[in-house]
Amino acid sequence: MLEVLGLDQAAETLYFVLVDNPPLPIAELTRRTGIESEAVAAAMVRLEDGGLVSRLPGSPAGYTALPPGHALEVLLLARERDIRRVRALTERLTERHREARRDRDSASLIQVINGRDGVARCGQQLFNRAEKEIRGIDAPPYAEARDGARVNSAAVIAGRGVRSRFIHARDSLNIPGAMERAEEDIAAGEEVRFVPEAPMKLIIADHQAALIPLLATPQVLDACILVHPSALLDALSTLFESLWAQAQPYMPGRIAPVGEEEFVNDEERRIISMLAMGMPDETIARQLGIGHRTVQRRVQALLTRLGAASRFQAGVLAASRGWWLPEQTKGAAPPAGRGPGR
């Protein structure tokens with residue numbers, strides 16, 4: 001515990017013993033802790049220099065713990081001063097690093113990351129380093145380490161106050177469970193939108209770095225390009241924002257009672273929300289884990305109940321009648337005229 005104040009395990013153990021006891025000589029400390037006498041003597045010197053213990057006169061000399069409230073507070077203040085100095089040095093070194101590379105050749109602004117583990121680690125590092133916002137375009141294939149763990153933005157940034165926005169390619173919904181994972185990410189605070197086709201996979205951490213596949217259409221994500229601050233990074237950021245403005249927000253909604261004798265269950269709610277996004281029956285069937293014909297029958301039943309002439313109209317009517325209560329994702333504009341790493 002006290003290692004953060006510069007104390008090793010031996011010194012911490014000895015200090016705790018002295019806090020709980022009257023003054024003790026080195027021989028008694030050795031007996032009580034099992035630490036060799038030479039190590040005890042050296043630790044006592046460190047504790048005394050740190051202002052945690054006092055050496056009492058006598059033969060043999062004894063050691064007593066000074067009041068922890070004062071002694072530890074002095075060490076904490078010293079450590080805080082050290083941290084402030086290191087932070088100031090970090091800022092100066094960062095500026096020097098930036099200046100030294102201001103005119104470097106373009107090849108050094110990008111870095112090729114090879115191997116599935118390397119790509120997964122790099123994606124994870126981008127999520128970890130983001131301080132304000134993580135943005136990305138989510139499309140297969142996915143970064144996956146050797147242990148099978150998939151990089152996940154929502155899980156990494158949870159509780160850190162980092163905004164997360166991801167655009168999903170509609171093709172990604174062909175993967176069973178993809179919609180369920182998207183809803184879990186939304187519940188965790190991630191903003192999610194969909195586009196018919198995604199031009200590439202992309203992760204951007206703040207305005208400091210981006211990760212894109214080395215190949216335009218990779219079958220396996222085992223090679224990526226890490227882009228540092230540059231015109232290319234600015235272009236990738238502009239691409240994301242352009243797609244985000246065009247993309248369809250996904251609003252999963254919630255189960256809604258619609259009358260004494262009517263009720264929209266969870267499966268019907270999900271069907272309505274996917275109809276509002278224009279998803280085909282095949283995709284809906286995959287996401288719900290039911291047969292294609294079963295989806296067709298249920299969609300037709302919903303159209304009949306709503307008196308809708310089209311699938312999109314069904315989503316609009318369901319929302320207007322309170323069957324489906326869409327929940328806006330944070331920062332997402334309401335749909336007008338329409339129904340990650342990762």
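The reply below starts with the sheet and then turns to other parts of the chain.

Modeller: The model is predicted, with a mean pLDDT of 78 for the chain, and 80% of the residues reach 70 or more. The open sheet has eight strands in the order β4-β10-β9-β8-β5-β6-β7-β11, and their pairing is mixed. Its edges are formed by β4 (110-114) and β11 (248-249), each of which pairs on one side only. Within the sheet, β5 (residues 133-138) runs parallel to β6 (residues 163-169), and six bridges link the two. In this pair, Ile134 lies opposite Ser164 of β6. Helix α8 (residues 231-246) packs on the sheet and touches β4, β5, β6, β7, β8, β9, β10 and β11. The direction of α8 makes about 75° with that of β6.

Buried residues of α5 include Asp117, Val119, Cys122 and Phe127.

A separate hairpin is built from β2 and β3, with five residues between the strands. Strands β2 (residues 53-56) and β3 (residues 62-65) run antiparallel and are joined by four bridges; Val53 has Ala65 of β3 as its bridge partner. Gly58, in this hairpin, takes a positive phi near 140°.

One stretch calls for caution. Over residues 328-341 pLDDT stays under 50, although the model has 38 contacts beyond four places in sequence for them. Where pLDDT is low, predicted coordinates should not be read in detail.

Notes
Residues are numbered from 1 along each chain as its sequence is written. This is a predicted model: local features need pLDDT of at least 70, side-chain atom pairs count only at pLDDT 80 or more; totals for chains, interfaces and linings use all residues. Side-chain values use heavy atoms; hydrogens and water are left out. Buried means under 20% relative accessible area, exposed over 50%, partly exposed in between (1.4 Å probe, protein chains only). Two strands pair if DSSP finds at least two bridges between them. pLDDT is the predictor's confidence in each residue, from 0 to 100. Contact means heavy atoms within 4.5 Å. Axes are lines fitted to C-alpha atoms, for helices over the stretch in contact, and angles run from 0 to 180 degrees between N-to-C directions.
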